[in-house]
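Here is a chain to read with a few definitions at hand. Each term is set against its cut-off before a conclusion is drawn.

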Amino acid sequence: METLYRIVFNGETLPGLTAEQIVAAFVKRFRVREQRAREIVLGGSRTVLKRGLDQAKAQRYSAALKKVGLLIVLEPQPESPPPTSQLSVDLTPSIDIGHSEMASYYDDTPTSQLLSQPASAPASGLAADWSRCPKCRQPTVSPVTGVCQACGLVVERYLARRAEQASGAGAAHGDNPYAPPAADLTPPAIGGRGAALRPPRAVSAGRGWGWVREAWGLFKGRPWAWIGAFLVYVLISIVLNLVPYGLGGLLMIALGPILTGGLMIGAQVQQQGGGFQVAHLFAGFQRNPGSLALVGVATYGLAVLLLLAIALLGALAAYLLAGPDFIAGIDHMSFDPNQLGPENMVFVFLPVLLLLLVFVPLGMATFFAPVLVALNEVPVLRSFTLSFQGCWRNILPFLVFGLAALGLSLVSILTLGLALFVLVPVLIIATYMAYRDIYCYR
């Protein structure tokens, strides 16, 4: 018996190509909706693109996918068919579709026979060469989604309904394997506006660099708008810091998350096919500004409390080590730390260690808070919890991300800091990419 193969995409792409270039080529070659192409290319997870291929066809698909920038793996397919819940999408290059041939096939074949496909039919239930919509007759049916790009028809469901009407089997709905599920499969929402957030998931360590790479692709689409938004952000910060009595700094604490949330909204708009504009910097004022301001105030308050606690612990440790001389030294400004022996110096550095131990978790708890509040209206305390969970489950990707950001920052010194006007917006966009990767259903 001839060995059949399946085509598996593990999230790896050809070097030298940006994610945007690969998505564009994928859409053009395979006639896929752009959103679906982004989910496949940027998902970073294992996806079975095609099943049941002989060796010759598998190699042809491999070559076609490599041309658009996807690195795929050919795996021998088990003899027993996979469960229905695990069936993959059907991926047929548009160059192999015979439109005139399929037009007569749709016109001459009864609907009931269209549903009676042999066991070797693709997993999606569509014949291997189906491309012409049975409703509008346009050759625009996506081989991946089975949706007509012209009229939006879902071909499988349309044919299933016609078959039921023709056979009077509407009552036997549960016996139709192509009927849409009766259960509500909508994932539970976290936050407002019915936002379908998944619990934070762990991704591969390489995604830390992938976020930067994908952010660079998005930045190149609207570079001057992103640089302009960053400049306006910096100018606002400078002006507010000139306000006396520290009032400007306090105002910036509340304003910072609102502006950051606006940038996240702009990144989402651009990622979905829109155009980023400098005005997106202020989009946070139109979407949950009170909660965004509370993110900044709560972060500042927690930081102050932690600093006070560490200062008290440090003073207590020094008092226990130096005794009354510590208090007297403070009064006369004559306390000499050198009087502590080398064996006790570890206790002097204990507050520094505590500072790192408490402020790293605080940064993890607040990293994703603005984007969660701005895009999904997650309550502030809940956003802190989700942010910490997302960072904790992805320590390795964030380590790679941090090293990449540090390396690029050091390189920017060679440009006298001018490269920061590019680097900072890219890192901001990368934060949005990380949010999509970790929290969003793909």
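Q: Is the crossing of α9 and α17 left-handed or right-handed?
A: The crossing of α9 and α17 is right-handed. A crossing is left-handed if the near helix is turned anticlockwise from the far one by less than a right angle, and right-handed if clockwise. This is a predicted model, in which local features need pLDDT of at least 70 and side-chain atom pairs count only at pLDDT 80 or more, while totals for chains, interfaces and linings use all residues. Residues are numbered from 1 along each chain as its sequence is written, and side-chain values use heavy atoms, with hydrogens and water left out.

Q: What makes α9 and α17 roughly perpendicular?
A: Helix α9 (residues 247-271) and α17 have axes that cross at roughly 70° and come within 9 Å. Axes are lines fitted to C-alpha atoms, for helices over the stretch in contact, and angles run from 0 to 180 degrees between N-to-C directions. Angles under 35 degrees count as roughly parallel, over 145 as roughly antiparallel, 65 to 115 as roughly perpendicular and the rest as oblique. The two helices are therefore roughly perpendicular to each other.

Q: Which residues of α9 and α17 meet?
A: Leu 263, Met 264, Ala 267, Gln 268 and Gln 271 in α9 meet Ile 428, Tyr 432, Met 433 and Arg 436 in α17. Contact means heavy atoms within 4.5 Å. By class, this contact of α9 with α17 has 6 nonpolar, 2 polar and 1 charged residues. Here Ala, Val, Leu, Ile, Met, Phe, Trp, Tyr, Cys and Pro count as nonpolar, Asp, Glu, Lys and Arg as charged, and the others, Gly among them, as polar.

Q: What makes a set of residues a nonpolar core?
A: A nonpolar core is a set of buried Ala, Val, Leu, Ile, Met, Phe, Trp, Tyr and Cys residues joined through side-chain atoms within 4.5 Å. The largest such core has 57 residues, and those with the most contacts inside it are Trp 211, Phe 368, Leu 372, Tyr 435 and Tyr 439. Helix α17 (residues 420-439) gives the largest share of this core, 11 residues. A second, separate core of 21 residues includes Ile 7, Ala 37, Ile 40 and Val 68.

Q: Why does Asn 394 count as buried?
A: Buried means under 20% relative accessible area, exposed over 50%, and partly exposed in between (1.4 Å probe, protein chains only). Asn 394 has 0% relative accessibility, so Asn 394 counts as buried. Asn 394 lies in the loop between α15 (380-392) and α16.

Q: Why is Leu 416 called exposed?
A: The relative accessible area of Leu 416 is 78%, over the cut-off of 50%, so Leu 416 is exposed. Leu 416 lies in the loop between α16 and α17. Phi of Leu 416 is near 60°, a positive value in a residue other than glycine. Most residues other than glycine have a negative phi.

Q: Why is Asn 288 called partly exposed?
A: Asn 288 has a relative accessible area of 23%, which lies between 20% and 50%, so Asn 288 is partly exposed. Asn 288 also has a positive phi of about 60° although it is not a glycine.

Q: What counts as a helix or a strand, and how many are there?
A: Helices (H or I, at least four residues) and strands (E, at least two) are DSSP runs, numbered from the N terminus. The chain has 17 helices and 3 strands.
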